[in-house]
Amino acid sequence: MAHSLDGRTIVVTRPRAQASQLAAWIGEQGGEALVFPLLEISAAADPAPLQAAIDRLDTYSLAIFISPNAVDHSLPAVLARRQWPPALRPAAIGPGTVTALAAYGIGEVLLPSDRFDSEALLALAGLQAAVVRQRRVLILRGDGGRELLADTLRERGAQVDAVACYRRRAPADAAPLQALWHAGRLDAIIISSSEGLRHLVGLLDEHCLACLRNTPVFVPHQRIAESARAFGLQQVIQSGPADAGIMAAVVAHDWRRE
């Protein structure tokens, strides 16, 4: 029985801890998945800010987890010292983060319902000025990244502590991808981060950059799609959010054109 991805090699560039579901699904569809994280995740160099936030956890009204990595690099430290405060409302940008929180027994998470980004989270009733004014908000995130969430909540009157609990780094090189392109065996890439896309462009030689511009690239967000087109990529397919949206877009793609 033929599968939709028979003979196709698809690169999954999510951080390794979040890549397994997509990679397994590609294999089930007859394809070959190459997991090549464009963001390497590790613990924050300085654990002191997270420990200080744990010390004053009862003073926060809202704790926003930016990603599953934020959950995995903060909650073990929290729960090793204390229980999660019943009055502290958790919030997340995407459903993957909600799943990660559930694994630690944290539920009733504030989550956008249609689009999963900072703008959608900020649009929720629970983050408006009337609710957050003079409240303390903890944002658990990686180093760097967008400041929109913290800046907007401060403008709305919240007292915000943004704590970097993990680091993001580019891989040293893109040799596995370049080898596939030089052999004519790379059929598509899944990219879930604008930052990761920038890393990829910076790692490729001229031949592989030209290949990238003509390779189907599946992205789950408009902002990433805009970044991809700005780099000159010609086959940018914007999917629905999360793994389910990416899977649906990959299945719907007309592979006969490739």
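1. The side chain of S193 reaches the backbone nitrogen of G196 at 3.0 Å, and that of E195 at 3.1 Å. These are polar contacts (a pair of N or O atoms within 3.5 Å; within protein, one must be able to donate a hydrogen and the other to accept it, and residues adjacent in sequence count only if both atoms are side-chain atoms).

2. The model is predicted: local features need pLDDT of at least 70, side-chain atom pairs count only at pLDDT 80 or more, and totals for chains, interfaces and linings use all residues. Residues are numbered from 1 along each chain as its sequence is written, and side-chain values use heavy atoms, with hydrogens and water left out.

3. S193 is found in the loop between β8 (188-190) and α10. Helices (H or I, at least four residues) and strands (E, at least two) are DSSP runs, numbered from the N terminus. Is S193 buried or exposed? S193 is buried, with a relative accessible area of 18%; buried means under 20% relative accessible area, exposed over 50%, and partly exposed in between (1.4 Å probe, protein chains only). Leaving aside residues up to four places away in sequence, S193 touches L39 and I224, where contact means heavy atoms within 4.5 Å.

4. E195 also forms a salt bridge with R168, the closest N and O atoms being 2.7 Å apart. A salt bridge is a side-chain nitrogen of Lys or Arg within 4 Å of a carboxyl oxygen of Asp or Glu. R168 lies in strand β7 (residues 159-169) and E195 in helix α10 (residues 194-203), so the pair ties together parts that are 27 residues apart in sequence. Both R168 and E195 are buried. Elsewhere, salt bridges that share partners join R56, R136 and D161 into one network.

5. How many salt bridges does a search of the whole structure find? The search finds 13. One of the pairs is R82 with D58, whose side chains meet at 2.8 Å, N to O. R82 lies in the loop between α4 (75-81) and β5 (89-92), and D58 in the loop between α2 (48-55) and β4 (62-65), so this pair ties together parts that are 24 residues apart in sequence. R82 is partly exposed, with a relative accessible area of 24%, whereas D58 is exposed, at 54%.

6. In helix α8 (residues 148-155), R154 and D151 are three residues apart, which separates them by about one helical turn. Their side chains meet in a salt bridge of 3.8 Å, N to O. R154 is partly exposed, with a relative accessible area of 40%, and D151 is partly exposed, at 37%.

7. The buried residues of α8 include L149, A150, T152 and L153. What covers the buried residues of this helix includes β4, α6 (118-122), α7 (129-132), β6 (136-142) and β7. Just after α8, G157 takes a positive phi of about 100 degrees.

8. The axes of helix α9 (residues 175-182) and helix α11 (residues 206-213) come within 10 Å and cross at roughly 75 degrees. Axes are lines fitted to C-alpha atoms, for helices over the stretch in contact, and angles run from 0 to 180 degrees between N-to-C directions. The two helices are therefore roughly perpendicular to each other; angles under 35 degrees count as roughly parallel, over 145 as roughly antiparallel, 65 to 115 as roughly perpendicular and the rest as oblique. The contact is made by Q178, W181 and H182 of α9 and H207, C208, C211 and L212 of α11.
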